Structure formats: structure tokens, C-alpha cells
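This briefing is intended for a reader who is meeting the structure for the first time. Please keep the sequence and the model in view while reading the points below.

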Amino acid sequence: MPGRRGRFFVVGAAAVSVVLIGALDYATGPAISLLLFYLIPVALVAWFEGLVPGVAISVFASLLLFLTGPAATGRAGGEHFHYWNVFMGFGVFVVVAYIVSMQAAIRGLLRREEELSRRDDLTGAINRRAFTELLSAEILRMSRYGRNFSLAYLDLDDFKSVNDLRGHASGDRLLRLVGEELRKTIRSSDVVARLGGDEFAILLPETDAVSAEAVIRKVQGMIDELFREGRWDVTMSIGLLTWENPPDSCDQALRKADALMYRAKSEGKNRVCHEVV
């Protein structure tokens, strides 16, 4: 397992570092303390692997600190002071391991919270805020490098009837299924978002009209099959825009794609309206 191998590597490298520091500490003798150098592997293990491995390396470092004392170097006297210094060193190691591991845990929680704040809880797709950030970045990239991109706006036809006839739990289940199917069907470079309600969007970076048409037709086919297999009495209307010149703003791009989606609905629903801008 890659995670386990990575853990063994970090802890193993830290243990080797402690041994090397201990050897150097033994060579220099008690006149020069290398206590601070032991803190480096202790802190690294605590940051990447957590408190328990950090404490384990602290114990190992304290053992090396003890073995490089007066008795090991052949110098008499000072043993009692050495025991105290080792004990204090162990305390410092553990405190550092605790502080560093807590900082790493807090940072991980903040990253998780940030990630969750950018995703739709129901479908797992990114939310509108995250999508508009990515779309704005794509518009900027197009302005600089002149590369096309495409934007699809998707809406479920007659979705209200699902909530009315089957209940909101069934409606939520349908939205989850649609979100999962969209994420499975699009390319790895594309991004799907739930904009709200039963509306979704797909950003296709650096995608011309022909390629965008192929991707969205595939999406439409897979969603239609999902609806048939689940006997969902709904369809999907899609507005697809391929930009050959950059839009003025993210809002303008979404409004145009939204308007094109509504045109697909007005023309009979369950279809794709595609325009090149």
C-alpha cells in the first residue's frame, strides 16, 4: 500500500537521521550538545505521521541521547546531570511532537473544511462558487493564450413532478445519481458543478465545437439511459456554448449558456442546443 510505504519511509528516514545525529553526538563528546538537532526528525515525523510516531521517535532520540553520555564516552563524573538532561530532552521532544502534530491536524481540518465548502453535499459535484472560480480562470487563460473552451448548462425537465409524486427523498436520490453519472461520463480534464436545484454545468477547458459536441452527446446518452433504467419520468435539456472569443465575464458566460438551455426547453425539451460564440 502506497500510504503504508510512505509512512515507513518517513519514520525510517527519521530513525536513520537520529542514529547519525547520535553518532555525531558521541564523536563530539558531552562538551557539545546536539539536542536541538534531534528535534528535526522528531518534528518531521510528528508533522507527517502524527503524535504517536512522533513520540516513538522521541523515545528513540532520548535513548541515543542517553547512550552518548559520559559513560559511553569514557568520561567519568556528571552521570546524574546527564540523566536529568536526558529526561529534560525527552520532555522537550514530546512537547515539540505534540505541538507539531496538533498544528498538522489543524491544518488538515482546515483543508478539509475548505474542500467541503467548495462541494455540493448532495451530489458531490463542486458548487457554484468553486465553479465560477474555475470558469473565471479559464476565461483569463483564453484571453492570454487564445484557446477555445466550451460551457454546458444542464437542467432536468419536469423534475418538480418527481418531488410531487415520489417525494423529496426520491428527488434527492435522482440528483445524486445524475451527479455521479456526470462525473463518471465527462473527461478527466472537464469539471461538473451543481449550480442549484436541478441545474448543473460542465466546463470543458480547451475544447472546440466538434469535441464539445461529442462529449455532451455522450453525456446526454448516458443520462437518458440512467432515466430509462430507473424509470424516472424526466429528461434533460442542455445549452452548450463554445467560445472562440473570450466572454466579458463569468456571469455573462453562464447567462448565455442558461439562455441557450431554456431555448432547448422551449423547442421541445430533451435536446442539446449548441452555439459557437
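The model is predicted.

**Helices α2 and α3**

- Helix α2 covers residues 35-49 and helix α3 covers residues 51-67; their axes come within 8 Å and cross at roughly 160 degrees. Since an angle over 145 degrees counts as roughly antiparallel, α2 is therefore roughly antiparallel to α3.
- The crossing of the two helices, α2 and α3, is right-handed.
- On the α2 side, the contact is formed by L35, Y38, P41, V42, V45, A46 and E49, which meet P53, G54, I57, S58, A61, L64 and L65 of α3. Sorted by class, the contact of α2 with α3 has eleven nonpolar, two polar and one charged residues.

**Helix α10**

- Helix α10 (residues 250-266) has 17 residues and should span 24 Å at 1.5 Å a residue; its end C-alpha atoms are 24 Å apart, which agrees.
- Its buried residues are C250, Q252, A253, L254, A257, L260, M261, A264 and K265.
- The elements covering the buried residues of α10 include α6, β1, β2, β3, β4 and β5.
- After α10 comes G268, with a positive phi near 130 degrees.

**Residue D155**

- D155 lies in strand β1 and, because its relative accessibility is 6%, counts as buried.
- Although D155 and M236 are 81 residues apart along the chain, their C-alpha atoms are separated by 5.7 Å.
- Leaving aside residues up to four places away in sequence, D155 touches D198, E199, T235, M236, S237, M261 and K265. Both M261 and K265 are among the buried residues of α10.

Conventions. Residues are numbered from 1 along each chain as its sequence is written. This is a predicted model: local features need pLDDT of at least 70, side-chain atom pairs count only at pLDDT 80 or more; totals for chains, interfaces and linings use all residues. Side-chain values use heavy atoms; hydrogens and water are left out. Axes are lines fitted to C-alpha atoms, for helices over the stretch in contact, and angles run from 0 to 180 degrees between N-to-C directions. Helices (H or I, at least four residues) and strands (E, at least two) are DSSP runs, numbered from the N terminus. Angles under 35 degrees count as roughly parallel, over 145 as roughly antiparallel, 65 to 115 as roughly perpendicular and the rest as oblique. A crossing is left-handed if the near helix is turned anticlockwise from the far one by less than a right angle, and right-handed if clockwise. Contact means heavy atoms within 4.5 Å. Ala, Val, Leu, Ile, Met, Phe, Trp, Tyr, Cys and Pro count as nonpolar, Asp, Glu, Lys and Arg as charged, and the others, Gly among them, as polar. The expected span of a helix is 1.5 Å times one less than its number of residues. Buried means under 20% relative accessible area, exposed over 50%, partly exposed in between (1.4 Å probe, protein chains only).
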